[in-house]
Amino acid sequence: MRDDVLPEHVQRNRSVWDGFASDYEVPGRANWGVNDPTWGIFSVPESNLLLLPEDMTGMDAVELGCGTAYVSAWMARRGAKPVGIDNSPKQLETARALQQEFGLEFPLHLGNAEATPFADASFDFAISEYGAAIWCDPYTWIPEAARILKPGGRLVFLGNGFLLMLCTAPGSDSETPVSTRLERPLFGMHRLDWEDDGSTEFHLPHGKMVALLRDSGFAIEELIEVEIPEGSTTTCPFVSLEWARKWPCEEVWKVRKRGG
Ligand SMILES: C[S@@+](CC[C@H](N)C(=O)[O-])C[C@H]1O[C@@H](n2cnc3c(N)ncnc32)[C@H](O)[C@@H]1O
């Protein structure tokens, strides 16, 4: 897709992520180097969340907003045939270098996860960890995920907890500690434009998300409000372990496309 036909927020997030990409090389390599997945900013073990089917033999899987594509690498090692799509050429450069380094190749596409190049009903499984889950407009990427999944196919996505977003004051940046007060109205929450780095994220209230998933053809299997294990550490300065032990700093949605 040409840059000038990308939606405005996708164009801006592309240049923001090209700028962030070098910071994601080291953590990306570390994640490529392990076989046991961990998730999110506190590296919660897969055994606590069960995001991936244990045996993915022969499954067509897509990672929406794959970044350095370590989740795709984990899926390939479980037997899947993964495909990654990401909006940042620089992130994909790192992903391709890591494919060479670890001797594991799968297709990587430059593109917008809100409007993918994939045919209808191409995939058994779709996943996003902080990719499309927070950077794409849910009113476009969730129907798109439904389109490219086979009937009965599963979509799993992890991003910031909605409560955490309500406790993040307007004007704060990635260094500002999240508050213990409600700092924003819930009603109307959808698009958040960050002044500090020019990026745009999307976060929907749970009621709106339930309606969108249902209207897009998904049955909801689980919403996990992620409880961070005691003793966990993070390099993200905006949320402390103390906060994350009391409230969900992250959430996981597990849904299945109806039919099949
Ligand atoms: C935090 S990374 C996610 C990858 C990895 N799981 C991680 O947590 O590092 C976010 C990725 O989403 C990508 N992204 C942002 N907007 C996107 C869009 N519209 N379509 C596809 N990818 C997008 C960014 O380029 C970036 O590589």
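Is strand 7 (residues 149-160) mostly covered or mostly open, and how many of its 12 residues are buried? Strand 7 is mostly covered, with 9 of those 12 residues counted as buried. Keep in mind that what you're looking at is a predicted model.

So who sits beside this strand? Strand 6, residues 123-129, pairs with strand 7 in the parallel sense, and 6 bridges hold that pairing. If you want a spot to start from, pick Phe 123: its bridge partner in strand 7 is Leu 149. Strand 7 also pairs with strand 11 (residues 250-257), but here the two run antiparallel, joined by 7 bridges. To find your way along that pairing, look at Leu 155, which stands opposite Val 255 in strand 11.

Now over to the ligand. A shell of 19 residues surrounds it, and Asp 86, Gln 91, Asn 112, Ala 113 and Glu 129 are the closest. Glu 129 also falls within strand 6, the run covering residues 123-129. By class, the shell comes out as 9 nonpolar, 8 polar and 2 charged residues.

With Glu 129, the ligand brings a nitrogen atom instead, 2.8 Å from an N or O atom of the side chain. Taken on its own, the ligand has 580 Å² of accessible area, and the protein covers 95% of that.

Technical notes:
Residues numbered from 1 in each chain as written. Predicted model: local features only at pLDDT ≥ 70, side-chain atom pairs only at ≥ 80, totals over all residues. Heavy atoms only, no water. Near = heavy atom within 4 Å. Polar contact = N/O pair within 3.5 Å; in protein donor to acceptor, adjacent residues only side chain to side chain. Areas by Shrake-Rupley, 256 points an atom, 1.4 Å probe, with all protein chains shown as cover. Nonpolar A, V, L, I, M, F, W, Y, C, P; charged D, E, K, R; others polar. Buried < 20%, exposed > 50% of the residue type's maximum accessible area, 1.4 Å probe, protein only. Helix = DSSP H or I, 4+ residues; strand = E, 2+ residues; numbered from the N terminus. Pairing = 2+ DSSP bridges.
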